[in-house]
Each structure stands twice: as structure tokens, then as C-alpha cells.
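Here are some friendly notes to read beside the model. Please keep the 3D view open as you go through them.

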There are 2 protein chains.
Amino acid sequence: MASKAPPVDKRRQILDAAIRVFARQGFHATRVADIADEAGVAYGLVYHYFKSKDEVLNELFTERWSLLLAAIEEADRSEASPRAKLEAVAGFIVDSFRYDPELMKVIIVEVTRAANSFGRTHLPEIRRAYDSIAKIVADGQQSNAFRSDIDATFASMSFYGAIEQLLSGWIFDLIPASDTDFEQAKTLVTATICDGLEPR
Amino acid sequence: MASKAPPVDKRRQILDAAIRVFARQGFHATRVADIADEAGVAYGLVYHYFKSKDEVLNELFTERWSLLLAAIEEADRSEASPRAKLEAVAGFIVDSFRYDPELMKVIIVEVTRAANSFGRTHLPEIRRAYDSIAKIVADGQQSNAFRSDIDATFASMSFYGAIEQLLSGWIFDLIPASDTDFEQAKTLVTATICDGLEPR
DNA sequence: AAACCGATTGACTGGTCAGTCAGCCAGATC
DNA sequence: GATCTGGCTGACTGACCAGTCAATCGGTTT
């Protein structure tokens, strides 16, 4: 009756190939044929599974970003201190990069930081991440764990911007990217934002 | 003998038109014909003054970025406190945006945050900005104005990332962009990075 | 064993543009 | 007023590539 499951999931194969090719050449510079070749699959099959080249990137982004949103919201729901919540968010993003640098590169470079072209479609989802972080900050201010004279939106943008900038630095080899750098980054970003650079 | 000066500088006219069109449609989506139309100039004239469409963007970026580099290095040379130096840098970038939002949008969106495609060529110049900021931080650590347990490179990336994220927020209408917001941003970014979110 | 059906193939097409180029025109020079 | 020169013009072309589609394949059902 059933048994229709193919031995290999070609759709997944195409998505994984796309990650590699997008990471290597960038979205605009990759031809659909490149994806098909990398996946070891015929050109037309890409269009069997996806409406367009854009939809492939859409799928990659949505898949990963929803995890990020879930992680942020879960951190927020926890009983931890506001600072620990922020550290959890930073940790999740840094680990995402460490675990799958190519996918994160694609998401950051081609979507998140490409709000003018491709990212435009996803601005609402991207914004949700900012908003969720802002909520953590605002709650922290409510409970006097954070000072209230720095607008929560400003603070959340600064926090997220700092993290994304670090990822960019790693992606483009502007700063060293060893395992210890990743670990340090998690605490240092949070330390910078929460404690500040000036001695206490 | 001389008197060859045209009444209007067509080259400049093309550059200014390009700023507007790039800001409106994005670099990839603008055809060279769009630039020529916007400038009120024949298609071919663009190629009289520029080798390629890329070179137009190159020119815009280099023009502006060299000002930024000069401003950072000047801030560094001043006698002010490290914190005041950072505030000067933040102030310059924010003012650049306030004074000419379209140009800054193009530079941030199409170059700085597009390191995979166009920005790749300019990575060295972009990096110089990061390095100059890092030097300010490192000097601050040397003089004990800043704590030394946060790596200067990390800190400078965080600082710059925070600012760029704010610009992105303004560019894409994610956060309010009034004159008071701009003024606040200058001090708040510095306050966040130097003092931290937690109360002192 | 015939009909069926979804997965798979890859040649082909239509549209889009960046960049070229042959020549025009207006002011300067002789 | 003839010639020259360089800014300026815009039609044209060659390359590129996303997306289409008709055909094939291999397993299933009747």
C-alpha cells in the first residue's frame, strides 16, 4: 500500500546542496543549475519540489528562523534572571553558527542583512525576534534588574546587532573563530551589554 | 583656452541620481537605464564617466567611507576620554545618516552588510574602521578607563554592530526615527556599551 | 501484462540587461 | 566658415539564466 518512501529524500538533498552553494557563492551568483549539480540531481527536479529559486532560500530561512524564535521565547518563559535569558539567546545563536556555519552564513548574509532585497519578505519574522528580545529587556527593567533609562528597543537592537556583527566577523574571517572564541563570545557579549566596558 | 567647465557636472549628477535609485530599488534591482533616467542623461553617458555599474557604487562607497575613517581616526587623535571618543564615532555615524539617509542606506545595505557580494571588494576598508575603533578601546584599557577582561576586538565589533543595527532599524522602519531618537541614540549606544544595562 | 502515476530528466525558450559603438552636436580654434 | 574635439546620444547585441514542458523511467495496481 504505502512504501512510497524513496530511499533518499531528494527534497532534503536539494536543500542541503543549496546551503552549501549559497554559502560558497552567494544567492545571486548561484544558478539553479549549480544547486542541481551539487545535489546530484536533474535541473528540473528543483522545480518539482520548489516553485522558484527564491522558495528554496525561503524554506531554508523559515526552517531555521522558527527555531531561533522558539529558543528566544523559551528563554523568556524560563525563570532565569533577565541577564541569564539574554545569555541564553546569545548562546543559542552562537551555537547555531558553530553547529552549522554554512546555514547561518546564508541566513545572516542573504536574508537578515539583505533586508532590501530578499529579506524584505521576512521583515515581520525578523522583527519578531527583535521584539521578543526587547520584551526580555523590558521585563528586566520592570523588575529593576536593568536600568530603565535606556529604551528597551534600543537595547535589544544593540544586543542583537552586536551578536550579528560577531557572526559576520567570523563569517568573513575578520576575527578569530576558534571554539574558545565561540564560548567567550557568549559571555562577553552579555557582559558588554549588561555590565558595560567601564570598570565597576 | 580653458573654459571647458560644463554648466552642470554631469558626473556628479549621475552619482546623485544613483544614490536615489539605489536607495529606492536596491543595487541589483536597478538597471543602468534607471540611473540615466533619474539623472536626466543619456544611457551611454553613464559609461562615459564610469567603467561599469559596479564602479558607480564603488565610487559612492569610497567617497563616504573615507570620511568615516577620517572621522574615527580624528576622534582617536583627540585628547578626549575613550568613552567620549566612542561617543564621537557614534555621533558621526548617526549624523551621517541624518544628513544623508539615502546615501547611508546604500552604503550600509549594499556594501557594508553585503560582504558576500559587493562588499567583498571593500572588506579591507571596512575592516580598517573596525580596527580603528578597536584601537580606541584598547587604549582605553591601557589607561584603565575600560576593563581589560573584554577583548578589544570583541568590544569594537559589538559597538559597531550595535550602531549599524540601529541604522538598519531606521532604514527599514523597525524603530522610530525622529530627531530626538537620533540624538538619544548617540548617547544611549555609548551608555549601553560603556555602562551596561545593569544598574550601577 | 496493461494501464497508471508520480518522480525524474534535460533541452529549450523568452525575457532581461550590461556594456558597446557609430555617430551627432555645440563650442572652440584657426 | 571650415575643421576639430570631446561631451553626449541611444539603438543594438551578445550573454546569461529562471522557469517550462514533453518525454522517460520504475514501481504499483487491476
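1. First, the ground rules. This is a predicted model, in which local features need pLDDT of at least 70 and side-chain atom pairs count only at pLDDT 80 or more, while totals for chains, interfaces and linings use all residues. Residues are numbered from 1 along each chain as its sequence is written, and chains are lettered from A and ligands numbered from 1 in the order in which they are written.

2. Start with DNA strand C, which has 18 residues around it; the closest are A:Ala42, A:Gly44, B:Arg31, B:Tyr47 and B:Ser52. Here a residue is near a strand if its C-beta atom, placed from the backbone, lies within 6 Å of it. Two or more residues each come from helix 3 (43-49) of chain A and from helix 2 (32-39) and helix 3 (43-49) of chain B. Helices are DSSP runs (H or I, at least four residues), numbered from the N terminus. With four residues, helix 3 of chain A gives the most to this surface near DNA strand C.

3. Now turn to DNA strand D. Its surroundings also number 18 residues, and the closest are A:Arg31, A:Gly44, A:Ser52, B:Ala42 and B:Gly44. Helix 2 (32-39) and helix 3 of chain A, together with helix 3 of chain B, each give two or more residues to the surface near DNA strand D. Helix 3 of chain B gives the most there, with four residues.

4. Which chains meet, and with how many residues? The contact takes 44 residues from chain A and 44 residues from chain B, two residues being in contact if their C-beta atoms, placed from the backbone, lie within 7 Å. On the side of chain B, helix 7 (123-142), helix 8 (152-171) and helix 9 (179-195) each give two or more residues. Helix 8 of chain B has the largest share, 13 residues.

5. Have a look at helix 8 of chain A too. After helix 8 of chain A comes A:Asp173, with a positive phi near 55°.

6. Finally, the largest nonpolar core has 134 residues, and A:Ala18, A:Ile133, B:Ala18 and B:Ile133 have the most contacts inside it. Such a core is a set of buried Ala, Val, Leu, Ile, Met, Phe, Trp, Tyr and Cys residues joined through C-beta atoms within 7 Å. Beyond its neighbours within four places in sequence, B:Ile133 is in contact with B:Ile72, B:Val89, B:Ser156, B:Phe159 and B:Tyr160.

Key:
Buried ≥ 20, exposed ≤ 12 C-beta atoms within 10 Å, placed from the backbone.
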